[in-house]
Amino acid sequence: GHMTKDTMKDMALFGERMNLSAREISDFMVREISLGEEAGSMLQEAAVMSKRVADITGDSGKEIMSVVQQMVADTQRFGNVSVTEAAKIGGALRQLGLDYSELGGMTDKFFNFEGAAQSVSALTSVFGVQIDAMEAMRLANSPDRLEFLTYMRDQFMASGKAVEDMTLAEKRLVQQQMGLSNIQAVERLFDPSVDLENIEAMEQATSGGVGTVEESLSELETE
């Protein structure tokens, strides 16, 4: 689609409401142009879905929007992930206390079969984790990147090896094999006190459309 003056104004409104800089707003514009999507619709959808996810998780829509913006800008890893999906991922990552870059690191580690197989065999031999390398690779490449995150987490937690019982050396091994940036990320990813049971509710909340610009702006009133 083409950028009209009104579209630009609307995008600025959504961007401002969600604390985005001009450069961050332009990430959405650039992405839309390359996907051939209707001008402005991606930013509107991202803002509204971030807010809907935040309402479910008790978070700030602006914080979730920030994750969405980073994913939209990172086309190399997340070019096939919709902004709605990115908002749900943002909700899950924020609940785990993880930065978007941790999911990026995991994605890199499992993007190709060689990397996935090598990581899985190391994790299996030390912890007996039942991760299927093919499945991990499929999910690491799929538009449903939230399922990748939950799959890796669930398989690990099902192994019965509690993160609080791990030695530092074990945590370091997990960190390396999962593509995480530090030990704290390992502890957060496998924190048993965080349950992501509201993923279903996030799915529900983000399943409807976004409506008109006016409707969306009023939905974002409380941001």
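Q: What makes the largest nonpolar core a core, and which residues have the most contacts inside it?
A: A nonpolar core is a set of buried Ala, Val, Leu, Ile, Met, Phe, Trp, Tyr and Cys residues joined through side-chain atoms within 4.5 Å. The largest one here has 68 residues, and Phe28 and Met178 have the most contacts inside it. Helix α3 (residues 41-57) gives the largest share, eight residues. Helices are DSSP runs of H or I, at least four residues, numbered from the N terminus. This is a predicted model: local features need pLDDT of at least 70, side-chain atom pairs count only at pLDDT 80 or more, and totals for chains, interfaces and linings use all residues. Residues are numbered from 1 along each chain as its sequence is written, and side-chain values use heavy atoms, without hydrogens and water.

Q: Why is Thr206 called buried?
A: Buried means under 20% relative accessible area (1.4 Å probe, protein chains only). Thr206 has 6% relative accessibility, so Thr206 counts as buried.

Q: How do you know that the side chain of Thr206 makes a polar contact, and with what?
A: A polar contact is a pair of N or O atoms within 3.5 Å, one able to donate a hydrogen and the other to accept it. The side chain of Thr206 reaches the backbone oxygen of Met202 at 2.8 Å.

Q: Which residues does Thr206 touch, leaving out those up to four places away in sequence?
A: Contact means heavy atoms within 4.5 Å. Thr206 touches Met49, Val53, Thr84 and Lys88.

Note on methods. Buried < 20%, exposed > 50% of the residue type's maximum accessible area, 1.4 Å probe, protein only. Helix = DSSP H or I, 4+ residues; strand = E, 2+ residues; numbered from the N terminus.
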